[in-house]
Amino acid sequence: MAVTHTEEFRREAVRIALSSGLSRTRVAADLGIGKSTLGHWVSQYRTSDLSGPEPQADLVRENERLRLENRVLREEREILKKATQFFASQKI
């Protein structure tokens, strides 16, 4: 029996395949569809406009994640600086 997927599922699968950076084989396996099916959907929907507000939201999320990571790295660097100063001042 053939499984039919909704239009929304197909569009989301294509969006993930085009924007996730993962291989199509991996995306297809994760979604439980065939690689050739995903390839067909990508070629079918590539001409249609799949980029709405979602890519913008992805960029906002990525910026937030990077800002948090940046803040954590700065804090770690400051801790390491203080530790270096502390151990450098210790007499052996």
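Colleague: How many salt bridges does the structure hold, and what makes a contact count as one?

Modeller: The structure holds nine salt bridges. The term asks for a side-chain nitrogen of Lys or Arg within 4 Å of a carboxyl oxygen of Asp or Glu. Bear in mind that this is a predicted model, where local features need pLDDT of at least 70, side-chain atom pairs count only at pLDDT 80 or more, and totals for chains, interfaces and linings use all residues. Residues are numbered from 1 along each chain as its sequence is written, and side-chain values use heavy atoms, with hydrogens and water left out.

Colleague: Why is the pair Arg15 and Glu12 called a salt bridge?

Modeller: The closest N and O atoms of Arg15 and Glu12 are 2.6 Å apart, which is within 4 Å, so the pair qualifies. Both residues lie in helix 1, three residues apart, about one turn of the helix. Helices here are DSSP runs (H or I, at least four residues), numbered from the N terminus.

Colleague: What makes Asp58 a partner of Arg15 too?

Modeller: The side chains of Asp58 and Arg15 meet at 3.4 Å, N to O, so this pair also passes the 4 Å limit. Asp58 lies in helix 4 (residues 53-89) and Arg15 in helix 1, so the pair ties together parts that are 43 residues apart in sequence.

Colleague: Why does Asp58 count as partly exposed?

Modeller: Buried means under 20% relative accessible area, exposed over 50%, and partly exposed in between (1.4 Å probe, protein chains only). Asp58 has 26% relative accessibility, so it falls in the middle class. Glu12, at 30%, is partly exposed as well. In helix 1, Arg15 is buried, along with Ala13, Val14 and Ala17.

Colleague: How do you know that Glu78 and Arg77 form a salt bridge?

Modeller: Their closest N and O atoms are 3.8 Å apart, so they too are within 4 Å. Elsewhere, salt bridges that share partners join Glu12, Arg15, Asp58 and Arg61 into one network.

Colleague: What makes a set of residues a nonpolar core, and which residues form the largest one?

Modeller: A nonpolar core is a set of buried Ala, Val, Leu, Ile, Met, Phe, Trp, Tyr and Cys residues joined through side-chain atoms within 4.5 Å. The largest has 10 residues, including Ala13, Val27, Leu38 and Trp41. Helix 1 (7-19), helix 2 (24-31) and helix 3 (35-45) each give two or more residues to this core, and helix 3 gives the most, with four.
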